Amino acid sequence: MDPMTGHPRRWGILGVLVFSLLAVVLDNTILNVAMKTIADETVGLGATQSELEWAINSYTLVFAGLLFTFGVIGDRTGRKRMLFIGMALFGLASLASAYAQDPMQLILARAAMGIGGAAIMPATLAIISNVFPPGERGKAIGVWAGGVGLAVAIGPITGGLLIEHFWWGSVFLINVPIVIVSMILIATLVPESRDPKPSRLDPVGVVLSIIGLVAIVYGIIRGGELATVASAEVLVPTLFGVAVLAVFVWWERRIDHPVFDVRSFTNVRFSSAIGMMGIVFFAMMGGMFFLTFYLQIVLGFTPVQAGALMIPFAAAQLIFAPLSQRVTERLGAKLSATLSMIVVTFALGSYAFMDQNTPIVLIEVIFFVQGAAMANIMPPATTAIMESLPREKAGVGSAMSNTVRQVAGALGVAVLGSVLSSSYRGEIAPALAVLPEGARHAAGESIMATMGVVQELGERGQALVQPAFTAFVDGMHVTALVSAAIGLLGIVVVALWMPGKPRLAKHAENNREPVLSSSGG
């Protein structure tokens with residue numbers, strides 16, 4: 001294969017890679033729609049809000065913790081092989097998730113899904129960088145991002161249909177046929193590729209990163225449960241996690257084969273792009289968490305309707321992601337990303353003005369605008385990250401960007417979920433004074449818990465419905481303002497450090513590409 005012209009079947013290979021990624025992306029968007037059902041004690045598992053946060057975060061933390069290592073293993077042993085093994089693991093873990101008998105089993109099965117996902121994601125971007133020439137790589141990544149947008153669009157409505165016609169486990173079972181078809185296509189169409197000079201593994205770094213992140217997320221989620229940050233149950237694990245991550249950074253700077261090369265952040269193009277991506281995912285994942293309950297509980301939409309309401313967000317990404325490269329070339333990365341971050345921040349802030357009477361048309365417009373803005377952030381940021389590193393280190397580069405994205409998403413769910421939980425508990429407390437003292441704490445943990453008490457009490461419980469809705473909406477407003485503040489930070493990062501016009505960077509990339517490709521064989 002000529003590195004300057006690419007693989008002759010590269011567009012067919014791209015189609016296989018996008019389809020393979022479908023299961024991974026579908027899983028997260030489907031789970032959002034299913035959360036209310038999984039929380040139900042009758043038709044679900046009776047999961048609490050903190051258990052739902054862990055069902056999301058057990059996947060993302062394992063996923064993020066292993067991405068870099070699996071990227072290196074794929075570079076060393078073969079990316080096609082890694083992709084194939086990852087799909088098999090993901091399918092088996094999806095099966096285990098579908099038939100989980102309690103929240104803890106679901107959390108563990110989701111962690112196993114994270115192992116499979118960590119093998120799949122870096123391999124797809126690494127193979128794209130390997131089979132496409134430099135001139136087509138940006139377009140290919142745009143199509144890849146559009147495929148992700150398609151999965152985001154399909155996910156909620158698919159999840160709603162499955163929830164209404166089958167049991168909650170069907171949202172995981174749907175992954176199995178996708179996995180089987182993907183494995184057949186991977187085996188027959190995708191070429192094998194390796195890094196001729198692969199990095200060494202760093203098991204110490206992997207263990208330190210996972211321990212540190214899990215401890216921090218545990219402390220944040222526990223703080224939301226207890227509605228305080230002053231408790232030793234919150235401070236001890238959080239500070240321990242921060243200390244472990246400090247040791248992790250020290251270790252990564254010290255060795256010559258780091259699992260997460262913190263020295264890459266000295267590259268302004270790389271660090272600004274990856275920082276912007278992390279901020280966007282922090283705000284987006286945390287926002288999606290509260291929007292699910294807002295649509296299904298406060299506004300009373302069914303899972304299918306709630307899924308359908310998310311389509312404008314995904315459709316905008318599907319429409320605009322393939323065009324984002326053109327926008328970036330015309331305006332420059334700094335201007336296009338800054339404008340997009342401003343729009344995303346205003347969209348996040350707008351949730352602070354929504355209530356029980358907000359017109360659904362207005363909500364749909366905001367979803368579409370937010371999706372369009374995000375579509376003009378992700379592909380250029382991904383391209384900038386990938387082009388900041390040599391082509392043969394593509395697995396490492398994609399793993400770094402996905403690690404930051406997933407860690408930011410997990411922290412977004414934990415932090416914003418805890419802000420929502422703390423605010424809700426404080427607001428609903430006076431209304432719960434009529435309940436026995438032992439039941440007040442459990443009933444005040446989340447709107448789902450309160451509505452569970454309402455169902456148990458029958459007509460007597462109806463007096464709690466409106467206070468619960470009001471408390472949730474107030475908590476959502478606080479959470480939205482926090483997420484908008486994070487968005488403002490993203491605007492500052494992009495405006496200060498993102499490089500301007502991409503032409504010089506692209507010219508430099510083209511000039512050095514033959515040198516890199518010849519050294520890579």
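**Patch and pockets**

Author: Leu-318, Ile-319, Leu-323, Val-343, Ile-360, Val-361, Val-365, Phe-368 and Val-369 make a nonpolar surface patch of about 670 Å². Patches are made of residues with over 30% relative accessible area and no salt bridge, with nonpolar side chains (Val, Leu, Ile, Met, Phe, Trp, Tyr) joined within 5 Å. This is a predicted model, where local features need pLDDT of at least 70 and side-chain atom pairs count only at pLDDT 80 or more, while totals for chains, interfaces and linings use all residues. Residues are numbered from 1 along each chain as its sequence is written, and side-chain values use heavy atoms, with hydrogens and water left out.

Reader: Which helix gives the most to the nonpolar patch?

Author: H15 does, with five residues. Helix H12 (311-320) and H15 each supply at least two. Helices here are DSSP runs (H or I, at least four residues), numbered from the N terminus.

Reader: Ok, and where is Val-365?

Author: Val-365 lies in helix H15, residues 360-375. Its C-alpha atom is separated by 8.8 Å from that of Phe-313, 52 residues apart along the chain.

Reader: What is the relative accessible area of Val-365?

Author: It is 44%, so Val-365 is partly exposed (buried means under 20%, exposed over 50%, partly exposed in between, with a 1.4 Å probe and protein chains only). Val-369, also placed in helix H15, is partly exposed at 38%.

Reader: Changing topic. What volume does the largest pocket have?

Author: About 760 Å³. Of its 30 lining residues, the closest to the centre are Ala-39, Met-448, Ala-449, Met-451 and Gly-452. On a 1 Å grid over the protein atoms alone, a pocket is an open set of points where a 1.4 Å probe fits, with protein on both sides within 12 Å along at least five of seven lines; lining residues have an atom within 4 Å of a point. A volume is the space filled by probe spheres set on the points, which are joined across faces, edges and corners.

Reader: Which helix supplies the largest share of that lining?

Author: H19 (447-457), with eight residues. By class, the lining has 15 nonpolar, 10 polar and five charged residues.

Reader: How many charged residues are in the lining of the second largest pocket?

Author: None: that lining divides into 16 nonpolar and six polar residues. Ala, Val, Leu, Ile, Met, Phe, Trp, Tyr, Cys and Pro count as nonpolar, Asp, Glu, Lys and Arg as charged, and the others, Gly among them, as polar. The second largest pocket holds about 610 Å³ of space.

Technical notes:
Patch = residues over 30% accessible without salt bridge, like charges linked within 9 Å, V, L, I, M, F, W, Y side chains within 5 Å. Areas by Shrake-Rupley, 256 points an atom, 1.4 Å probe, with all protein chains shown as cover. Salt bridge = Lys/Arg side-chain N within 4 Å of Asp/Glu carboxyl O.
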